[in-house]
2 protein chains.
Amino acid sequence: MRRDVFQAIADPVRRDIIQLLSQKTLSINEIAHQFDVSRPAISKHLKILNECGIIDIQQQGRERYCLIRPKSLIPAFLWVEQYQSLWEEKIDSFEAYLKQLQAKSKNDNKNE
Amino acid sequence: MRRDVFQAIADPVRRDIIQLLSQKTLSINEIAHQFDVSRPAISKHLKILNECGIIDIQQQGRERYCLIRPKSLIPAFLWVEQYQSLWEEKIDSFEAYLKQLQAKSKNDNKNE
DNA sequence: TATATATGTAACTATTCGGTTACACAAATT
DNA sequence: AATTTGTGTAACCGAATAGTTACATATATA
């Protein structure tokens, strides 16, 4: 199965977990209490996040604390960032296409 | 079914399609030719990208051209970007935790 | 020592995903 | 008019997802 940062952040629950852990290290139960889904479901999400290197889990007595490893998000950031210049041109290629059509139509009128 | 930008970019084929379209507008067949998977499979990916607003499809004769709408990626960018300060502290909380442990151990030694 | 707590995990389920092949159909070409 | 080309889509398939309940186990507490 695919197991990378893009797949990890695709799920909204996992994004919420990342959000929580960015504020504070939490035990697995503490995390699970914040969600409507069952603890085993959260456990599965944490396992995935752990396998993707997004969190690290530290045993402490009978509790296991989850710590975020924010650097793991850098690849996702870099991937999206490469398109920043495109959207910062303030014009989608769709809009560019429309503009081009308008220009073409203007030109056609000229030639009538 | 969930249909958002995070789910859209979770698949590597879709990320490759986005990459292609960021260079150049292409027809559906032109896109399909660049991949090993079948044309219907690519069609499905394009449908998803379209439903997420990442691409726009323009009919032209019997061909359909796909145009990227880069602004649609901004939400994903913003989501990842909010953690930039965390990873730019050049220290994961995991590493911070280890440092803390080391400091603690040093302190314990002092108190022996 | 008995009990409560924190967690893992197995077994199961329904749904979605990503792919396929086969076929339909409209537009372009011959 | 017949053929080729570009595309949509239905039907199917196996694997992955996201969840559940039930049970096991280790640690902490009374």
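A residue is near a molecule or strand if one of its heavy atoms lies within 4 Å of it. The model shown is predicted: local features need pLDDT of at least 70, side-chain atom pairs count only at pLDDT 80 or more, and totals for chains, interfaces and linings use all residues. Residues are numbered from 1 along each chain as its sequence is written, chains are lettered from A and ligands numbered from 1 in the order in which they are written, and side-chain values use heavy atoms, with hydrogens and water left out.

**View 1. Surface near DNA strand C.**
Within 4 Å of the protein, 65% of the atoms of DNA strand C belong to sugar or phosphate, and the rest belong to bases. The surface comprises 7 nonpolar, 7 polar and 11 charged residues. In this classification, Ala, Val, Leu, Ile, Met, Phe, Trp, Tyr, Cys and Pro count as nonpolar, Asp, Glu, Lys and Arg as charged, and the others, Gly among them, as polar.

An N or O atom in the side chain of B:K44 is 2.2 Å from a base oxygen of DNA strand C. The side chain of B:R3 places an N or O atom 3.4 Å from a phosphate oxygen of DNA strand C. For B:R62, a polar side-chain atom lies 3.1 Å from a sugar or linking oxygen of DNA strand C.

**View 2. Surface near DNA strand D.**
Of the 25 residues around DNA strand D, those that come nearest are A:S38, A:K44, A:H45, B:N29 and B:R64. Sugar or phosphate accounts for 68% of the atoms of DNA strand D within 4 Å of the protein, and bases for the rest. The elements that each supply at least two residues of this surface are α2 (12-23) and α4 (39-51) of chain A, with α3 (28-33), α4 (39-51) and β3 of chain B. Phosphate oxygens of DNA strand D lie 3.4 Å from an N or O atom in the side chain of A:R3, 3.1 Å from one in the side chain of A:R14, and 2.8 Å from a polar side-chain atom of B:S43. By residue class, the surface divides into 7 nonpolar, 7 polar and 11 charged.

**View 3. Interface of chain B and chain A.**
Each chain gives 39 residues to the contact, where contact means heavy atoms within 4.5 Å. About 3,800 Å² is buried between chain B and chain A, with 66% of this area given by carbon and sulfur atoms. B:F77, B:W87 and B:F94 supply 16% of the area that chain B buries against chain A, more than any other three residues. Buried area is the accessible area (1.4 Å probe) that two parts lose on being put together, summed over both. Across this interface, 5 residue pairs are in polar contact, both residues being at pLDDT 80 or more. On the side of chain B that touches chain A, α5(B) gives the largest share, 6 residues. That side consists of 20 nonpolar, 8 polar and 11 charged residues.

**View 4. Salt bridges between the protein chains.**
A salt bridge is a side-chain nitrogen of Lys or Arg within 4 Å of a carboxyl oxygen of Asp or Glu. There are 7 salt bridges over all chains, and the count between chain B and chain A is 3. One pairs B:R69 with A:D92, whose closest N and O atoms are 3.3 Å apart. Another links B:D4 and A:R15, with the closest N and O atoms 4.0 Å apart. Because B:D4 lies in the segment before α1 of chain B and A:R15 in helix α2 of chain A, this pair joins two chains.

**View 5. Surroundings of A:Q59.**
A:Q59 is placed in strand β2 (residues 55-60) of chain A. Its side chain reaches the backbone oxygen of A:G61 at 3.2 Å, and a polar contact of 3.4 Å joins the side chains of A:Q59 and A:R64. A:Q59 and A:S27 are 32 residues apart in sequence and 9.3 Å apart in space, C-alpha to C-alpha.

Note on methods: Polar contact = N/O pair within 3.5 Å; in protein donor to acceptor, adjacent residues only side chain to side chain. Helix = DSSP H or I, 4+ residues; strand = E, 2+ residues; numbered from the N terminus.
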